[in-house]
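I opened this notebook to record what I looked up in one structure. The entries follow the order in which I went through it.

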Amino acid sequence: TVPLGEIKVESGSSHFSPTQDGKSLIVRTPEGGLQRIDAATGMATLLDDSNAAKQDSPIAVSPDGAWIAVASDFGNIRLLRANGKHYADLRARRPARARTMTWHESGYQLAIVTEDGYLRVWNLKPWFDWIRKHDLD
């Protein structure tokens with residue numbers, strides 16, 4: 001099988017999640033932080049180069065493409081808008097590093113599996129409803 005194309009990302013650990021429109025990838029590396037890579041051109045746009053973004057933990061893009069969930073080394077989740085602006089933190093009850101993370105197709109639940117074998121699920125529907133009600137999106 002031959003790849004459709006190749007895009008050079010930084011060496012070392014990296015995590016990526018495609019956007020729902022298929023036009024770009026969100027890539028996270030400890031060296032470069034969080035970037036949006038245009039799939040057609042390979043051009044990178046820096047979204048977040050904070051220390052929190054430069055961790056070796058999973059990321060996931062919401063089904064509607066409006067949100068990027070970024071796991072921290074301690075199991076907390078940073079929610080960013082699609083443009084990389086930090087919006088909120090979801091706190092874990094106890095520290096444990098995330099191994100994998102995914103959004104439910106509804107876009108209202110976010111789940112992670114931690115290295116110590118636990119599944120954590122956040123129900124974000126009430127939060128998103130409140131944001132819409134107050135015209136904050």
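**Entry 1. Provenance**

I noted at the outset that this is a predicted model.

I looked up the strand order and found an open sheet of 4 strands, ordered 1-2-3-4, with antiparallel pairing. I recorded strand 1 (15-18) and strand 4 (44-48) as the edges; each has a single partner strand, so one side of each lacks a neighbour in the sheet. I read an average twist of 25° from one strand to the next.

I then followed the pairings. Strand 2 (residues 24-29) is paired with strand 3 over 6 bridges, in the antiparallel sense, and a hairpin connects strand 2 to strand 3 through 3 residues. Between strand 3 (residues 33-38) and strand 4 I found 4 bridges, again with antiparallel pairing. The hairpin of strand 3 and strand 4 has 5 residues between the strands, and there G42 adopts a positive phi near 80°.

R36 has T45 of strand 4 as its bridge partner.

I found another open sheet here, in which 4 strands take the order 5-6-7-8 with antiparallel pairing. Its edge strands are strand 5 (59-61) and strand 8 (86-90), each of which pairs on one side only. The twist from one strand to the next averages 20°.

Within this sheet I examined strand 6 (residues 67-71) and strand 7 (residues 77-81), which run antiparallel and are joined by 5 bridges. I68 has L80 in strand 7 as its bridge partner.

**Entry 2. L80**

Is L80 buried or exposed? I found a relative accessible area of 0% for L80, which is therefore buried, the cut-off being under 20%. The C-alpha atoms of L80 and A69 lie 6.4 Å apart, although 11 residues separate the two in sequence. Beyond neighbours within four places in sequence, I listed the contacts of L80 as L34, D48, A66, W67, I68, V70, K85, H86 and Y87.

**Entry 3. Nonpolar cores**

I asked which residues touch the most other members of the largest nonpolar core. Of its 16 residues, these are I77, L79, M101, W103, L110 and L124. Two or more residues of this core come from each of strand 6, strand 7, strand 9 (98-103), strand 10 (109-114) and helix 1 (125-133). I also noted a second, separate core of 9 residues, with L47, A53, V61 and I68 among them. As background, nonpolar side chains in soluble globular proteins tend to be buried together.

I took L79 for a closer look. Not counting residues up to four places away in sequence, L79 touches several residues, including W67, I68, A69, W103, L124 and W127.

**Entry 4. S72**

I located S72 in the loop between strand 6 and strand 7. S72 has 12% relative accessibility and so counts as buried, since the cut-off is under 20%. Its contacts, neighbours within four places in sequence aside, are Q55, S57 and A98.

**Entry 5. Salt bridges**

How many salt bridges does the structure hold? I recorded 7 salt bridges. Side chains of opposite charge can pair when their charged atoms come close.

R91 and D89 meet through their side chains at 3.7 Å, N to O. R91 is exposed, at 56% relative accessible area, whereas D89 is partly exposed at 32%.

D116 and R94 form a salt bridge whose closest N and O atoms are 3.0 Å apart. This pair links distant parts of the chain, 22 residues apart: D116 is in the loop between strand 10 and strand 11 (119-123), and R94 is in the loop between strand 8 and strand 9. I found D116 partly exposed at 40% and R94 partly exposed at 30%.

K125 forms a salt bridge with D129, with 2.8 Å between the closest N and O atoms. K125 and D129 are 4 residues apart in helix 1, so about one helical turn separates them. K125 is partly exposed at 36%, and D129 is partly exposed at 32%.

Technical notes: Residues numbered from 1 in each chain as written. Predicted model: local features only at pLDDT ≥ 70, side-chain atom pairs only at ≥ 80, totals over all residues. Heavy atoms only, no water. Pairing = 2+ DSSP bridges. Axes fitted to C-alpha atoms, helices over the stretch in contact; angles between N-to-C directions. Buried < 20%, exposed > 50% of the residue type's maximum accessible area, 1.4 Å probe, protein only. Contact = heavy atoms within 4.5 Å. Core = buried A, V, L, I, M, F, W, Y, C linked by side-chain atoms within 4.5 Å. Salt bridge = Lys/Arg side-chain N within 4 Å of Asp/Glu carboxyl O.
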